[in-house]
Amino acid sequence: MGIIVQWIITTVAILVVAYIMPGVRVAGIGGALVAAAILGILNAIVRPILVILTLPITILTLGLFLFIINAFVFWIVGSIYSGLRVDSFGTALIASIIVSIVSFLLNFLFW
């Protein structure tokens, strides 16, 4: 049950980002659902590998490089799935921060 709730929260966060950011476009609610599923899978598989590989630079930047990793994963989702369009890496950086904030707030409200 928790995975489904987290999936819906991420979907809402992606829809909020698509509404706020002019450089992010989603092909409706169905597109946001699929994008959230792909984002969750990549966050579970690719992100830990990237965090381990970039651990020295993450330590050197006091953890700020994790924003770049999150943006890269978000940008990958936009690249491999046609239902989510991300114009640039800078847009992906801002969008990933907004997705994190909205997801945090929704998790705080519903858990």
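Which residues lie nearest the centre of the largest pocket? Of its 17 lining residues, Gln-6, Thr-10, Leu-39, Gly-40 and Asn-43 lie nearest the centre. The legends below begin with this pocket.

The structure is a predicted model, in which local features need pLDDT of at least 70 and side-chain atom pairs count only at pLDDT 80 or more, while totals for chains, interfaces and linings use all residues. Residues are numbered from 1 along each chain as its sequence is written, and side-chain values use heavy atoms, with hydrogens and water left out.

Figure 1. Rolling a probe the size of a water molecule over the atoms shows where empty space is left. The largest pocket holds about 340 Å³ of space. A pocket is here an open set of points, on a 1 Å grid over the protein atoms alone, where a 1.4 Å probe fits, with protein on both sides within 12 Å along at least five of seven lines; lining residues have an atom within 4 Å of a point. The volume is the space filled by probe spheres set on the points, which are joined across faces, edges and corners. Helix H1 (2-20), helix H2 (28-53), helix H4 (65-80) and helix H5 each contribute at least two lining residues. Helices (H or I, at least four residues) and strands (E, at least two) are DSSP runs, numbered from the N terminus. The largest share of the lining, six residues, is supplied by H2. By class, eight nonpolar, eight polar and one charged residues make up the lining. In this classification Ala, Val, Leu, Ile, Met, Phe, Trp, Tyr, Cys and Pro are nonpolar, Asp, Glu, Lys and Arg are charged, and the others, Gly among them, are polar.

**Figure 2. The salt bridge between Arg-25 and Asp-87.** One salt bridge is counted in the model, the term meaning a side-chain nitrogen of Lys or Arg within 4 Å of a carboxyl oxygen of Asp or Glu. Arg-25 pairs with Asp-87, and their closest N and O atoms are 3.0 Å apart. The pair links distant parts of the chain, 62 residues apart: Arg-25 belongs to strand E1 (residues 24-26), and Asp-87 to the loop between strand E2 (84-86) and H5. Arg-25 is partly exposed because its relative accessibility is 39%, and Asp-87 is partly exposed at 42%. Buried means under 20% relative accessible area, exposed over 50%, and partly exposed in between (1.4 Å probe, protein chains only).

**Figure 3. The surroundings of Arg-25.** Neighbours within four places in sequence aside, Arg-25 is in contact with Gly-83, Leu-84, Arg-85 and Asp-87, where contact means heavy atoms within 4.5 Å. Gly-83 is 58 residues from Arg-25 along the chain, and the C-alpha atoms of the two are separated by 7.9 Å. The Arg-25 side chain also reaches the backbone oxygen of Pro-22 at 3.5 Å.

Figure 4. Phe-89 is placed in helix H5 (residues 89-110) and counts as partly exposed because its relative accessibility is 30%. Beyond its neighbours within four places in sequence, Phe-89 is in contact with Ile-68, Ala-71, Phe-72 and Trp-75. Thr-91, also placed in helix H5, is buried, with a relative accessible area of 12%. With neighbours within four places in sequence left aside, the contacts of Thr-91 are Met-21, Gly-23, Val-24 and Val-86. Ser-103 lies in helix H5 and counts as buried because its relative accessibility is 10%. The side chain of Ser-103 reaches the backbone oxygen of Val-99 at 2.8 Å. Apart from neighbours within four places in sequence, Ser-103 is in contact with Ile-9, Thr-10 and Ala-13.

Figure 5. Ile-3 is found in helix H1 and counts as exposed because its relative accessibility is 71%. The C-alpha atoms of Ile-3 and Gly-40 are separated by 9.6 Å, although the two residues are 37 residues apart along the chain. Leu-62 is found in the loop between helix H3 (55-60) and H4. The phi of Leu-62 is near 60°, a positive value in a residue other than glycine. Leu-62 is exposed, with a relative accessible area of 77%.

Key: A polar contact is a pair of N or O atoms within 3.5 Å; within protein, one must be able to donate a hydrogen and the other to accept it, and residues adjacent in sequence count only if both atoms are side-chain atoms.
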